There are 2 protein chains.
Amino acid sequence: MLRIGLLGFGTVGSSFAEVLAASGADARITHVFNRGVVRKKTHERAKFVPADAKWTERVEDVLAAADVDCVVELMGGLDPAEGWLRAALSSGKHVVTANKQLIAYRGGELFELAAKHNVQLLYGAAVAGGVPVIPGVSQGLSGDQIRRVSGIVNGTCNFILSSMESGAEYATVLKEAQRLGYAEANPAADVDGLDARAKLCILARLALRAEISPDDVPAQSIAQVSAIDFAYAKELDCTIRQVSRAEVEDGAVQARVGPMLVPKISPIAWSHGTQNMVVTSGRFGGDVVFSGHGAGGHPTAVAVMSDVRAVSLRSIKVRLPAKKMAVSGDCIAPHYLRFVVSDRPGIVASIAGALAKYGVNIDSLLQHRGHTAARLPFVITTEPCRISTVVDAVQEMGTLPFMVETPLCLQILVVDDPETD
Amino acid sequence: MLRIGLLGFGTVGSSFAEVLAASGADARITHVFNRGVVRKKTHERAKFVPADAKWTERVEDVLAAADVDCVVELMGGLDPAEGWLRAALSSGKHVVTANKQLIAYRGGELFELAAKHNVQLLYGAAVAGGVPVIPGVSQGLSGDQIRRVSGIVNGTCNFILSSMESGAEYATVLKEAQRLGYAEANPAADVDGLDARAKLCILARLALRAEISPDDVPAQSIAQVSAIDFAYAKELDCTIRQVSRAEVEDGAVQARVGPMLVPKISPIAWSHGTQNMVVTSGRFGGDVVFSGHGAGGHPTAVAVMSDVRAVSLRSIKVRLPAKKMAVSGDCIAPHYLRFVVSDRPGIVASIAGALAKYGVNIDSLLQHRGHTAARLPFVITTEPCRISTVVDAVQEMGTLPFMVETPLCLQILVVDDPETD
């Protein structure tokens, strides 16, 4: 049982409590530190904190507690977080943190401190929230020599710039972003690139194995970009994104953060809304893309929870139990049916009749010109129905006398809305 | 020092030797097993195997060797590989393998055997080659509850189907794929979906924590898809891909592999050529996308090498040394310059002159209609030049009397060709 002292019960902290409660992991929260404990205990997600956990406004109560094995720090900022985490590591407690500024500026020293005290310091949530780029790079790409890392690591800027694509001006979109809670009242850390460059330095350490200081990375603000720039960018087959980019060349690092024109064919142009995306370019493995939800309580909490599991299992692989399960290839989906027929009257009626007999509804019927009557292709798309049903119907139709080829039946994938809140 | 016994010196095995030699990792090859050792030793990448390594045609020489800590198996197939790896694990050797059939069919038992003998069994290369989806999911997303995993895990089918998009017929493209070495003489394992469904079962175990048998997963061949289906798919705002998909619902798994219509707005439609892509959908973290080179010697060797590093360091985190490095924000790139001027004769000449003075070449000049002469925006794109130079030039131009706004200067990202061989 891993006993957790949680520092911070805001959006991410309370989401973490929920994700932990749902996880079944051998870990539980024993302490919660936050200002205004009385108010925090009325938070709708306070119910996910075990009833016997201690809520406190004194951080020492957590840092000095004998029944805390791992401190989870979700407050951010260099000071006082640095002192807290140094105290935790020095007293033999593991640390999981989402604090990008701290890891970017002080990571090197803190890793040494953790190693000295034989404890773990994990920070998977510090870059790109719920996108597992940190474990993906540190574990899965450790065998490559990564030369460049680039991407979109600030959801606020990505929301603003991808919204401006449809013609809105910066000031209008910024206000909307503030209304939606995507941007702070003082948006400088995001729009001026200070948040992104801290994350870029963390990525540079991991991917390029280069220790660089955020203060040395030039950052250009997105505030000067206007709607008209998107019109010109479009003409150049580009869009505009806040890109963070670092590359090793001849023993030095080229790094910068700022709005850049991105060709539409680049994966970096795919990101919309608050999405994050990181692209690594390796000497042997080529380009690898990671993308997903970079911010928000739940996605960030997933990264924190993954680190907590790793600490809890103290093994190279987080191996979760898998249970034997039955498989069904059947599901409900719309379908694409393509027929090649020898044309004659009554074909559509006959096919539609066969589908109706099986209870399959037609969504659309497509027929292109320019084919001979002897080999006439046409297509029917169906409303969602069981795969097994439509396969049975198609099999029966395959025997109809005007069929020149076996009909082709393909499932049509449906794109869901993202399921996160 | 981790001593490696390498089983198989084909494309992946020889690439692994090269990647290992370049890695600086504390690991070396002591044994190579392959048929036709005399011929293999003349392979151009045989030079990456240490001169004192033992080449053998008897697998027992590797499995029984006292100076092998880790067996790296890159031959594939269930039999005889299963017996070899059981012998290796039972004699206390770690195993790293790229064998998807073995892990899909026998993974459960082999993991137990490894645990019993307190050794590691890693298989990061078994799914999606160089794309770190296995460490990404097992480590980075272990904190989420993944409900669905879908994607493109067979590069051969993706090459065939994405080539058919431009109008070619299946048989023609298959021949081309065979000529390029992307498809085997007997392409059944790829086009009929048998390769993909083994990978899907591995992903289901990791992501959905469901143990399912490849034999239970329906697989539809792509051989029946014809060029005309792409024309119809396009009309439906879709393309066609071989999709592998598994989803947990009500305690059962829905899984299938086959060609499906994929909406163009889905990330799954982005994959071209031999690229692989996996999308996981989590309860808390939403959709996460992994993409990159799924096959080929070097990308697959990166995944193998990453596992070897993990075995070698036996720690939760493969922590590679990072060194302090200087940062330059300067690099050579094309630029986008946007001016807002009060129109008068000679403006272009004046700006062009200023750029020429700094040695910056103009690539294009864009000016849209419909703006007033008092606030006329226009855009210049430059040929690649130093950022610092263009910033100096723009600063000087900012003082020109007709400038109504500070000029905006943005770097234009250049999309490289993939850098793998």
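1. The model is predicted. In it, B:D237 counts as exposed, because 11 C-beta neighbours lie inside 10 Å and a residue with 12 or fewer is classed as exposed. B:D237 sits in the loop between helix 11 (227-235) and strand 9 (238-249) of chain B. Its phi is near 60 degrees, a positive value in a residue other than glycine.

2. The counterpart in the other chain, A:D237, has a positive phi near 55 degrees. A:D237 is likewise placed in the loop between helix 11 (227-235) and strand 9 (238-249) of chain A, and it counts as exposed with 11 C-beta neighbours inside 10 Å.

3. A cis peptide bond, with omega about 10 degrees, joins A:D79 and A:P80. A:P80 belongs to the loop between strand 4 (70-73) and helix 4 (81-90) of chain A. In chain B, the bond from B:D79 to B:P80 is also cis, with omega near 10 degrees. For context, most peptide bonds are trans.

4. Chain B is superposed on chain A by a rotation of 180 degrees with 0.0 Å of shift along the axis (RMSD 0.0 Å). This is the relation of a two-fold axis. The same surface serves both copies, as 99% of the contact residues of chain B recur in chain A.

5. At the interface, 107 residues of chain B are in contact with 106 residues of chain A. Helix 12 (residues 297-313) of chain B supplies the largest share of its side, eleven residues. That side has 60 nonpolar, 30 polar and 17 charged residues.

6. Strand 20 (residues 408-412) of chain A pairs with strand 10 (residues 252-263) of chain B in the parallel sense, over two bridges. A:I412 has B:L261 as its bridge partner in strand 10 of chain B.

Definitions and conventions. Residues numbered from 1 in each chain as written. Chains lettered and ligands numbered in written order. Predicted model: local features only at pLDDT ≥ 70, side-chain atom pairs only at ≥ 80, totals over all residues. Least-squares fit on C-alpha atoms with pLDDT ≥ 70 in both. Contact = placed C-beta atoms within 7 Å. Helix = DSSP H or I, 4+ residues; strand = E, 2+ residues; numbered from the N terminus. Nonpolar A, V, L, I, M, F, W, Y, C, P; charged D, E, K, R; others polar. Pairing = 2+ DSSP bridges. Buried ≥ 20, exposed ≤ 12 C-beta atoms within 10 Å, placed from the backbone.
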